[in-house]
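Subject: Structure for you to look at

Hello,

Here is the structure I promised to pass on. Please open it alongside this note, which goes through what I found.

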Amino acid sequence: MSEALANLLNETRQFPPPPGLAANANVTGEAYAAADADRLAFWEQQARRLAWAKQWDRVLDWSEPPFARWYVGGQLNVAYNCLDRHVEAAGVSGSPSTGRASRVTSARSPTRSCTGSPARRRTR
């Protein structure tokens, strides 16, 4: 093994974030503590923040290392979690240039988000 690689194996330096960044972080030290205390319970709690089409039977299957299977038996609707639930939360759309607001239904939102994207690309 080269000396450079051997040095990397013994790396102990830490690079904490600036205080302002840490104060506004989405994940705090409490989350790290919860993960350290019970990692499977922590990841199960995180998975519950998503919408599942079918709940998992087991959080982690580590029966065939090095292959891990997470949320065994679960079925996740990725499209819903990435787009649809945010569209449902949108509710009202407004135009800063005209000052008009309109109610956006779940049925209309995907169409409006798709039709708006070419305009955004042209203005960049």
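First, the terms for secondary structure: helices (H or I, at least four residues) and strands (E, at least two) are DSSP runs, numbered from the N terminus. Two notes on the source. This is a predicted model, so local features need pLDDT of at least 70 and side-chain atom pairs count only at pLDDT 80 or more, while totals for chains, interfaces and linings use all residues. Residues are numbered from 1 along each chain as its sequence is written, and side-chain values use heavy atoms, with hydrogens and water left out.

The chain as a whole

The chain has 6 helices and 6 strands. Along the sequence, they follow the pattern α-α-α-α-β-β-β-β-α-β-β-α. The chain has 124 residues, and 11% of them count as buried. Buried means under 20% relative accessible area, exposed means over 50%, and partly exposed is in between (1.4 Å probe, protein chains only).

The accessible surface comes to about 10,400 Å². Carbon and sulfur atoms account for 55% of that surface. These areas come from the Shrake-Rupley method with a 1.4 Å probe; for residues, only the protein chains shown count as cover.

Now the contacts, meaning heavy atoms within 4.5 Å. Take those between residues at least 6 apart in sequence: 19% join residues at least 24 apart.

Aromatic residues

The structure holds 5 aromatic pairs. Rings of Phe, Tyr and Trp (its six-membered ring) pair if their centres lie within 6.5 Å; planes under 30 degrees apart count as stacked, over 60 as edge-to-face and the rest as tilted. One of the pairs is Trp52 with Trp56, which is edge-to-face. Their centres are 4.8 Å apart, with 70° between the planes. Trp56 is buried because its relative accessibility is 7%.

Trp70 and Tyr71 have ring centres 5.9 Å apart and planes at 45°, so this pair is tilted. Trp70 is partly exposed, at 38% relative accessible area. Trp52, Trp56, Trp70 and Tyr71 form one aromatic cluster.

Look at Tyr71 again. Tyr71 lies in strand S3. Tyr71 is buried, with a relative accessible area of 17%. Its phi is positive, at about 55°, although Tyr71 is not a glycine. Most residues other than glycine have a negative phi, and most peptide bonds are trans.

The peptide bond from Pro65 to Pro66 is cis, with omega near 10°. Pro66 sits in the loop between strand S2 (58–64) and strand S3 (67–72).

What does Trp43 contact, leaving aside its neighbours within four places in sequence? Trp43 is in contact with Trp70 and Tyr71. Trp43 itself belongs to helix H4 (residues 39–47). Trp43 counts as partly exposed because its relative accessibility is 41%. Trp43 and Val59 are 16 residues apart in sequence, and their C-alpha atoms are 7.8 Å apart in space.

Helix H5

Asn81 is in helix H5 (residues 78–90). Is Asn81 buried or exposed? Asn81 is buried, with a relative accessible area of 8%. Its side chain reaches the backbone nitrogen of Ala51 at 2.8 Å. Leaving aside neighbours within four places in sequence, Asn81 is in contact with Leu50, Ala51, Leu76 and His86.

Arg85 also lies in helix H5. Arg85 is partly exposed, at 29% relative accessible area. Not counting residues up to four places away in sequence, Arg85 touches Arg49, Leu50 and Tyr80. Arg85 and Ala51 are 34 residues apart along the chain, and 8.7 Å separates their C-alpha atoms.

The start of the chain

Met1 is in the segment before helix H1 (3–9). Met1 is exposed, with a relative accessible area of 73%.

Best wishes

Conventions: Polar contact = N/O pair within 3.5 Å; in protein donor to acceptor, adjacent residues only side chain to side chain.
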